[in-house]
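Visitor: Could you walk me through how to read the inside of a protein model, and then its ligand site?

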Amino acid sequence: MAYRDLRDFLALLEQRNQLKHVHAPVRVDRGHSELDALMRLLQDDKGPAVIMDNLQGYNTPGIPLVFNPYGTRERTAWIVGKDNWLDAKLRVAEVLGDRTCWKKPVVVDRAQSTCKDVVIKGDDISLDRDLPAVWYGKEGPSYMCNAITVSKDPDTGERNVGCYRYTQFFNASHPMGAAYTEEQIKRRLAGFVWWNPPMNHIGLHFNKAVKQGKTLPIALAAMVDPVVQLASATGLPYGVDEYEFAGGLRGEPVELVKCETNDLEVPAHAEWVIEGELVPGEPAIIGPHGNPGGYYDKMLWLPEMRVNCITRRKDAMWYTTQEMIPPFDHVYMALLPVEAEVLSDLKKKIPEVKDVACSPNLSFVVQLSVDGANKPHAEFGKYILHAVWGAAGRWGRTAKMVVVVGPDVDPYDWNSIEWAIMTRVQPYSDTIINRSAQAYLLDPSPVKSEQGIPVMGEQIGIDATIKVPERFKDYPEAANADPAVVRLLRERLKACLD
Ligand SMILES: Cc1cc2nc3c(=O)[nH]c(=O)nc-3n(C[C@H](O)[C@H](O)[C@H](O)COP(=O)(O)O)c2cc1C
């Protein structure tokens, strides 16, 4: 059954004892916030989601904070109604590969939506008062990482729905010691829109708008049905509608409602909608900002969004999440579509691909269903490495490290992967170094381009399959216990060992 909104998903977490209400005080203000420590604590302990209502140093005290809802692979699998990660990924990969099951969204009447109880327009907007602001670690600005963004190609009118971050200017420190203006604090956000060169689809839209000297109308919908957020974080081909893909994942069309101030459509049951436009001109300078690679970006140049309207539920909550040394809450929300994208693409052409696992640090591991003499041809592992780098979607081409393993290696367990590397790989013969790859945007190790972002990078591929028949006639048998016997023994000896 589909979730109507994020609240449905939170109700499921509560029912499964994975959501706690925290009434104890927690500080959230710049320089003193305890939220990064809370994220580390909950991640280290594989802890629950929490809703906090006693926040200190907070600009919107009546609005509770939702934290860590997707904090484990298991909870993230529940987004698509599956109880384990692999089933969830196979489901996403299956729907990705079969557009006949996608469903066009439907537009419902304003009265049927829940996101317009409160409407604030134009000069009445004051983001410092109207939008929750919380901080993490040494961050200069407060930022939001809970929304999908809707925009249209300025030439064709084709829609894009993507998941991108925004920063606020309220109470933010400027990385060069300057002050943000009243207009920025009250009416503007800065978006992680890579448009020069374009590195995401909204970047392509904005790039076109800038060349035409126009603003780009956009709408942010925060805290939507998590399936819709997952779809927005999936790298569909340019011009393909993420709402339709989300409909396929839900098994029911996504319900949309028209925006108040532009012709975009947003999920009718979002907790918040922020309407506005990306404005050409001088970008905002913000920083430091913690990124998903686990480093602070000292300074970023980001286009500004002018906010023209905010609508929300009257009893709205606010979901906040952070990027730091992985893992962190929403890394799993990002990994599920990444793994599914690459798996769906590889499975279509290479039936021997069993699974693609991506670690929170973005190492890709491809598990094959065959190894050694059962491989379809010699050097099959190297063919797989090239296939990952050539896979559809945004992530395969920027995969910095790819490892290919056989069926006896657990692609989620780095002890198992390391064992395969140490016992099946010769570093010169079984690796590929690609010196002209597209860099992962948030990797601080490649040289940066004029635009301050890494564009060119290098890649390593490790073929950790068994080199039979190409190098050996046979290979030593692995010495290990039978997993089925281990399972049975665990049950039998439970009382004595627990
Ligand atoms: C919570 C979250 C935040 C994200 N933030 C960004 C971001 O700020 N910029 C970006 O380019 N991609 C970001 N991503 C990844 C994109 O959502 C993903 O690559 C998606 O496919 C982009 O859509 P597009 O292909 O239509 O551009 C984020 C993903 C998640 C799950």
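Visitor: Which residues have the most contacts inside the largest nonpolar core?

Guide: In soluble globular proteins, nonpolar side chains tend to be buried together. Here, in a predicted model, the largest nonpolar core has 141 residues, and Leu35 and Leu189 have the most contacts inside it. A core is a set of buried Ala, Val, Leu, Ile, Met, Phe, Trp, Tyr and Cys residues joined through side-chain atoms within 4.5 Å; buried means under 20% relative accessible area (1.4 Å probe, protein chains only). Helix H10 supplies the largest share of this core, ten residues. Domain 1 (6–320) and domain 2 (350–483) each contribute at least three residues to this core.

Visitor: How should I trust and number these things?

Guide: Local features need pLDDT of at least 70 and side-chain atom pairs 80 or more, while totals for chains, interfaces and linings use all residues. Numbering runs from 1 along each chain as its sequence is written, and side-chain values use heavy atoms, without hydrogens and water.

Visitor: How many residues surround the ligand?

Guide: A residue counts if one of its heavy atoms lies within 4 Å. That gives 20 residues, with Cys163, Tyr164, Asn200, His201 and Arg394 the closest. They divide into nine nonpolar, eight polar and three charged.

Visitor: Where are the polar contacts?

Guide: Look for N or O pairs within 3.5 Å. A ligand oxygen is 2.7 Å from a polar backbone atom of Cys163, and one is 2.7 Å from a polar backbone atom of His201. For Arg394, a side-chain N or O atom is 2.7 Å from a ligand oxygen.

Notes
A polar contact is a pair of N or O atoms within 3.5 Å; within protein, one must be able to donate a hydrogen and the other to accept it, and residues adjacent in sequence count only if both atoms are side-chain atoms. Ala, Val, Leu, Ile, Met, Phe, Trp, Tyr, Cys and Pro count as nonpolar, Asp, Glu, Lys and Arg as charged, and the others, Gly among them, as polar. Buried means under 20% relative accessible area, exposed over 50%, partly exposed in between (1.4 Å probe, protein chains only). Helices (H or I, at least four residues) and strands (E, at least two) are DSSP runs, numbered from the N terminus. Domain bounds come from an automatic or database domain assignment.
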